[in-house]
Amino acid sequence: MNDTLFDKLGGDGAVNAAVEIFYRKVLSDDRISDFFDDVDMDRQAAKQKAFLTMAFGGPNQYSGMDMRRGHAHLVAKGLNDAHFDAVVENLAATLQELNVPQPYIAEVAALCETTRNDVLGK
Amino acid sequence: MPNLTFNGDTYACAENQSVLDALTGNGVSIPSSCRNGICQTCLMRSVSGTPPLDSQNGLKETLKAQNYFLACSCHPLEDMEVSLPDAGSARIQATVHSIESLNHEIICVGLHCENPLEYRAGQFINLFKDATLGRSYSLASVPAHDQHLKLHIRKVPDGRVSGWAHHNLKPGDVVEISQAVGNCFYVPGHPEQPILLIGTGSGLAPLYGIARDALEQGHTGPIRLYHGSRNPQGLYLVNELCALADCHDNFSYTPCISGDAMPADGYAQGRALDVALADIGKLTGWRVFLCGNPEMVKTAKKKAFLTGAAMKDIYADAFTLAAA
Ligand SMILES: Cc1cc2nc3c(=O)[nH]c(=O)nc-3n(C[C@H](O)[C@H](O)[C@H](O)COP(=O)(O)OP(=O)(O)OC[C@H]3O[C@@H](n4cnc5c(N)ncnc54)[C@H](O)[C@@H]3O)c2cc1C
Ligand code: HEM
Ligand code: FES
């Protein structure tokens, strides 16, 4: 078997299980909640789904350029490394809550790390 | 730059400009309210040219099939010839049957439709003062129960449509309304699931419909309604709701007063949202309906989610006022 990280985590089902837990954590985290405090929670949740799918190594169409463009308005509002770390931390805590084995969580964190410069517009 | 044709005149639509902005920017009157793809007041039909998919979000399939679209959310990719909705297919004639006062600022308007309107309690219709001015009002009536459509209209200071409804509308008048719109209604299934309803002001309208609809459909789980106002005069249907609670063990009604004037027993002190959360605690597993003041709805949606309600179980209608 040569499963991808996304398959090992449980694919779409894992994303669906994680999205509300993750979004609750992010909204409750004073360090970053302002970035996510959209009037339209449903639309925001859909975007978190896109984020999680990508972070889990799943199928996505985003390029580094897309990540740059997609977060540029947040960088303009002061998005920085500390915020980035907080998101990854919340993601790890979410996966722990779902009893995902530690090595997989490390893989997810490493994958996120590859997007840092693009997300932060560096 | 795509061209828009309306009533024989042609207008240019700039990139990133909506059909609504392009037309109103040229002095054409097109009804609109939320400008956000929610209320469907700006419904238009494309006579030629395909409306972009985005502009048809939330429309009924029958309307989509006839190339209806929302002007505020339509960024045309090609030339379009557009028109306002035809009477008959998208707009319906209704006769004012009754007008009653519910409190000092809210009236109940009863409407009779020749052909019964298909709707779910809690959805809303757009009421048109004239061809180009319409506003959304929620349905407080229950199809199986009530003979007429019932709207609770609060008088907004200098409000064009609400003021007209309060001062000019009288029984016998014929008005145009849209079909029923919106996703804020009771869906059968999970009859044991607890339901929380929170509303402020005329936000009681859809909740009054939804609560009675759920009871009608045999809901067995608890149904808890919290209606909030700054002062006791702002509440209404108090007796009806107390009576409803007397007849149904699983239904409870809590009137909430957020201001200082605390009346006698039977009222809770505080904002409806805070009172409800203090009573209930965690909302894991609850179905939640939130209607009325947009700030309240926004805060409540977030709090309901953070205290455990699943996103799919939260239904909300913010009574957003149109921009001046
Ligand atoms: C989905 C939905 C459902 C709705 N359901 C109901 C309902 O069941 N019952 C109901 O009464 N309303 C409901 N509304 C609100 C309703 O659609 C109208 O916005 C409202 O009646 C005002 O319209 P108007 O034409 O009278 O006022 P307008 O002429 O549009 O507005 C009057 C002016 O008042 C300004 N204004 C802004 N905020 C306030 C404020 N807080 N107080 C006073 N003036 C303000 C406006 O900007 C505007 O300049 C609903 C709205 C939505 C989106
Ligand atoms: C860990 C690396 C990150 C990845 C891989 C990532 C990925 C994504 C993706 C795929 C989207 C959806 C884009 C769309 O479809 O519109 C998105 C949106 C978003 N991201 Fe990120 N993101 C990351 C970090 C962050 C951080 C650190 C923040 C803020 C603290 C953040 C805040 C947001 C917000 C607010 C949106 C929604 C934007 C909007 O509403 O326009 N992201 N992200
Ligand atoms: S949907 Fe277009 S104005 Fe409300």
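The largest cavity of this predicted model is lined by ten named residues of chain B: B:Gln40, B:Leu43, B:Lys60, B:Leu63, B:Ala90, B:Asn126, B:Ser178, B:Gln179, B:Ala180 and B:Val181. About 70 Å³ of space lies inside the largest cavity. Its lining divides into five nonpolar residues, four polar and one charged.

A search of the whole structure finds two cavities of 30 Å³ or more. The second largest cavity has a volume of about 40 Å³. Its lining is made of B:Gln40, B:Thr41, B:Leu43, B:Pro85, B:Ala90, B:Arg91, B:Phe128 and B:Ser178. In the second largest cavity the lining residues split into four nonpolar, three polar and one charged.

| Space | Volume | Lining residues by class |
|---|---|---|
| Largest cavity | about 70 Å³ | five nonpolar, four polar, one charged |
| Second largest cavity | about 40 Å³ | four nonpolar, three polar, one charged |
| Second largest pocket | about 780 Å³ | 18 nonpolar, eight polar, four charged |

**Domains of chain B**

Domain 1 and domain 2 of chain B each give at least three residues to the lining of the second largest cavity.

**A five-stranded sheet**

Chain B holds an open sheet of five strands, in the order β2-β1-β5-β3-β4, with mixed pairing. Why is one side of β2 and of β4 left without a neighbour in the sheet? Both β2 (9-12) and β4 (68-70) of chain B stand at the edges, and each has a single partner strand, so one side of each has no neighbour there. From one strand to the next, the twist averages 40°.

Strand β3 (residues 43-48) of chain B has pairings with two strands of this sheet, β5(B) and β4(B). Three bridges join β3(B) to β5 (residues 80-83) of chain B, and the two strands run antiparallel. Here B:Ser46 has B:Val82 as its bridge partner, and B:Ser48 has B:Glu81. β3(B) also pairs with β4(B) over three bridges, again in the antiparallel sense. Strands of a sheet pair through backbone hydrogen bonds, either parallel or antiparallel.

**Pairings around β11**

Strand β11 (residues 174-178) of chain B pairs with β6 (residues 91-101) of chain B over five bridges, in the antiparallel sense. Which residue of β11(B) is the bridge partner of B:Gln93? The partner is B:Glu176. Two bridges join β11(B) to β8 (residues 124-130) of chain B, and these strands also run antiparallel. B:Leu127 has B:Ile177 of β11(B) as its bridge partner.

**A six-stranded sheet**

Another open sheet of chain B has six strands, in the order β15-β14-β13-β12-β16-β17, with parallel pairing. β15 (268-269) and β17 (314-318) of chain B stand at its edges. Each has a single partner strand, so one side of each is left without a neighbour in the sheet.

Six bridges join β12 (residues 195-200) of chain B to β13 (residues 223-229) of chain B, and the two run parallel. Within this pair, B:Leu196 stands opposite B:Arg224.

Helix α5 (residues 238-247) of chain B touches β13 and β14 (251-257) of chain B. Its direction makes about 150° with that of β14(B). Helix α6 (residues 272-280) of chain B touches β12, β13, β14 and β15 of chain B. Its direction makes about 150° with that of β13(B).

**A pocket in chain A**

The second largest pocket has a volume of about 780 Å³. Of the 30 residues that line this pocket, the closest to its centre are A:Phe36, A:Gln48, A:Phe51, A:His71 and A:Leu74. Which helix gives the most to the lining? It is α4(A), with seven residues. At least two residues each come from α3 (33-36), α4 (41-55), α5 (64-76), α6 (81-97) and α7 (102-113) of chain A. The lining divides into 18 nonpolar residues, eight polar and four charged.

Methods:
Residues numbered from 1 in each chain as written. Chains lettered and ligands numbered in written order. Predicted model: local features only at pLDDT ≥ 70, side-chain atom pairs only at ≥ 80, totals over all residues. Heavy atoms only, no water. Pairing = 2+ DSSP bridges. Helix = DSSP H or I, 4+ residues; strand = E, 2+ residues; numbered from the N terminus. Axes fitted to C-alpha atoms, helices over the stretch in contact; angles between N-to-C directions. Contact = heavy atoms within 4.5 Å. 1 Å grid on protein atoms, 1.4 Å probe; cavity = no way out; pocket = protein on both sides within 12 Å on 5 of 7 lines; lining within 4 Å. Points joined across faces, edges and corners; volume = space filled by probe spheres on them. Nonpolar A, V, L, I, M, F, W, Y, C, P; charged D, E, K, R; others polar. Domains from an automatic or database assignment.
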